[in-house]
Amino acid sequence: MTQESVLVLTLAAAIGTGTPLIFAAIGGVISERAGVINLGMEGMMLIGAVTTFLVDNKTGSPVAGFIAGGVAGALLALIHATLAISLRANQIVCGLALTIFGTGLASFIGKPIEGQGLTKSFGSLHIPALSSIPGVGPILFKQDVLVYLSWFVALIASLYLNRTRTGLSLRAVGENPATADAMGLSVVRMRYAHVVAGGLLAGFGGSYVILRIVPAWSQAGTTNGIGWIALALVVFASWRPLRVILGAYLFGVALQANFALQAKGITVIPAEFLAMLPYLLTVVILVVLTANRRTRGAGAPAALGLPFVRDER
Amino acid sequence: MKFSLERRREVKPWHLIGVPLLSVIFGTLVGGLFLEATGHNAILVFKTMSQTSYTTLYGIGDTLTAATPLIFTALAALVAFRVNLYSIGAEGQLFVGGIFASGVGIAVGTSSSALAIPAVLIAGVLGGIVWMTLPALFRAWFGTSEIITTLMFNFVALFLMRYLIYGASTYWRDPTSTNFPQGKKLDQNAWLPRFGTQSVHWGLVLALVTTVGIWFLLRKTRFGYQMKVLGDAPNAARYSGVPVKRMTFTVLIISGGLAGLAGASEVAGRAHALDPNGLAIGLGYAGIIVATLARLNPFGAVIIAIGFGGLQNSASALQSLGTDSVPSAIATTLQGLILLLALAGELFVRYRLKISKKVEVSA
């Protein structure tokens, strides 16, 4: 094994840090493109993480754990869909309720396993040839299989939204549900499907955290608020899946640089101020997008947050 | 059979009270079943909860103390939500309110109480307002989503507060606490006096007075009337000359000030110092739940806040039940559960379920 430079190691770690964000934020993009904002993402990630932990340790299969985490996230998203779409509840409050419920439930379920470690996980998968490229290889191609899966998910989501008929319909549902309805699309069915798919991806994000980042359950620190960062990333990426990758890795680099600087005892900028950066950056980007007349509402689905009721337009 | 929803022509008062009440009852039942299913003694849990929070004098005192910040943050949420501004920034505004209040408290604590207490409270309000100013400006003039900006600012405020205590030796940190950094204590003159069981402080009275004030603002003033028009029919408001931008900004600023007051009340009434752990327990987010359950009614918010305060307060007692110990997270789980049920029930306040026997002929 060759000795990698600190820079390469930091960047490789940043990819890992960004991966759960990619899963969750793509989930957010898909849900929001259908017109449903999901503030329950943090709760879904936590439930996904704790489920993954339990299933993985029970079955000894990280694959089963990963899938179970996604399913758990999807189930919670189904509650969100039922309340926000069928029962026309306020999406903001509903999502917040799910985060509170999910956080509580995850730490309740996780209490007996607090501090325990994960026994089995995914290892790194070195891609032949590509992984031996100096610099780029160790950063991008010596990752685990889920990192490659996250790229695949982002690519598929991008193609789906921009190049398929259903993707086009989805955008119609999020931009102008009344027109979509008049076109004969089922707004309710489309929204349900995409909110649940979004929850599945958020659950995967939580799974990744427990499988690859902190392989032990801790009720306070497992997702550490990254569900909220994922929500910000959706805006940061102006609702485009491929930009999510870029944004997620930027966040990853910021976080890892923070760790690396701290480890070296470099304290030019206090750690807390570095930690604020991603949040401030998101606000700046959102404000610039909305303040500029040309880009106002860039990418933001017009009907985001509004329930659709056919007979009461 | 076919189910359809029909909008109610009028909402009867019992619908408004019945739905939250039923949500609490169902929430308790489902929570109880869940506890039994996970091998806990549900009866014992609920008995302990009522003893530690609702039926003993000390319990009620602790519950009221826990409810005090929730009343403020619920008011903060409800004024904004009434005009369809979904600020979730009370969390961060509470932190900054706490930072301002403790900063001023440390500085003026040695002067008389008559001077120090109002100064601390005003500082808290200012802190909340400062933290809301940018999101409010962006929302009113650019249309930037207040949901995202206020949420992001919560995290910035959280890190700022942590920095002031854990990050460096700042003005807010007790210089004698080197191993376990703590906030510098305010001088006694800046404390809100206590009464009753010695845990209830004047913040509660302030919260009740503020509640009446907000009710007055909403129901008895021209501003409140304009808010109602803006909330119920934004277009009508625009055409009838309601200054929408200015209203949006002002409402958000009021919301921020109320959340800041929550921080000041916690600092001056309970912790007597800037205590990052005591403030960062989701008081802002819980306020949104309280406001929603209260259907954005200020007096309803007080009642719900007391109920929720008790739930929060009983959590630690449950954890110390010995062999029957129940994770304290049960309190959060129950809160979330009750809110979800209330949201589902809300539909039946506004709509009637119509069941028609006729089978739809499928094409």
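A polar contact here is a pair of N or O atoms within 3.5 Å; within protein, one atom must be able to donate a hydrogen and the other to accept it, and residues adjacent in sequence count only if both atoms are side-chain atoms. By that rule, 3 residue pairs, both partners at pLDDT 80 or more, are in polar contact across the interface of chain B and chain A. The model is a predicted one, in which local features need pLDDT of at least 70 and side-chain atom pairs count only at pLDDT 80 or more, while totals for chains, interfaces and linings use all residues. Residues are numbered from 1 along each chain as its sequence is written, chains are lettered from A and ligands numbered from 1 in the order in which they are written, and side-chain values use heavy atoms, with hydrogens and water left out.

Back to the place where the two chains meet. Salt bridges (a side-chain nitrogen of Lys or Arg within 4 Å of a carboxyl oxygen of Asp or Glu) number 0 between chain B and chain A. On the chain B side, at least two residues each come from β1 (2-7), α1 (13-37), α5 (113-142), α6 (146-167), α12 (283-293) and α14 (329-350); helices (H or I, at least four residues) and strands (E, at least two) are DSSP runs, numbered from the N terminus. The largest share of that side, 14 residues, is supplied by α6(B). Sorted by type, the residues of chain B that touch chain A come out as 34 nonpolar, 12 polar and 3 charged. In this sorting Ala, Val, Leu, Ile, Met, Phe, Trp, Tyr, Cys and Pro count as nonpolar, Asp, Glu, Lys and Arg as charged, and the others, Gly among them, as polar.

Counting contacts (heavy atoms within 4.5 Å), chain B puts in 49 residues and chain A 40. The size of an interface is often given as the accessible area lost when the parts come together. For chain B and chain A, the buried area is about 4000 Å², with 83% of it on carbon and sulfur atoms; this is the accessible area (1.4 Å probe) that two parts lose on being put together, summed over both.

What does the record say about chain B? An unreviewed UniProt entry lists "transmembrane region" for residues 12-35, 55-81, 93-110, 116-138, 147-165, 200-218 and 328-349. Those positions are given in the numbering used here, feature names are shortened, and annotations may be inferred rather than shown by experiment. In the model, residues 12-35 of chain B are 96% helix and 0% strand, with end C-alpha atoms 35 Å apart. Residues 328-349 of chain B are 95% helix and 0% strand, and their end C-alpha atoms lie 33 Å apart.

Within the chains, some side chains do pair up: the count is 4 salt bridges over all chains. One of them joins A:Arg212 to A:Asp144, with the closest N and O atoms 3.1 Å apart. A:Arg212 sits in helix α9 (residues 187-213) of chain A and A:Asp144 in the loop between α5 (136-140) and α6 (145-163), so the pair ties together parts that are 68 residues apart in sequence. A:Asp144 is buried, at 0% relative accessible area, whereas A:Arg212 is partly exposed at 30%; buried means under 20% relative accessible area, exposed over 50%, and partly exposed in between (1.4 Å probe, protein chains only).

In chain B, B:Glu146 and B:Arg139 meet in a salt bridge of 2.9 Å, N to O. B:Glu146 is buried at 3% relative accessibility, and B:Arg139 is partly exposed at 29%. Another salt bridge links B:Arg270 and B:Glu266 at 2.7 Å, N to O. These two residues are about one helical turn from each other, because they are 4 residues apart in helix α10 (residues 244-271) of chain B.

A:His80, in helix α3 (residues 62-86) of chain A, is buried at 0% relative accessibility. Leaving out residues up to four places away in sequence, A:His80 touches residues including A:Met44, A:Cys94 and A:Val195. A:Ser238 has a positive phi, near 35 degrees, in a residue other than glycine, and lies in the loop between α10 (226-236) and α11 (241-263) of chain A. B:Asn84, not a glycine either, has a positive phi of about 60 degrees.
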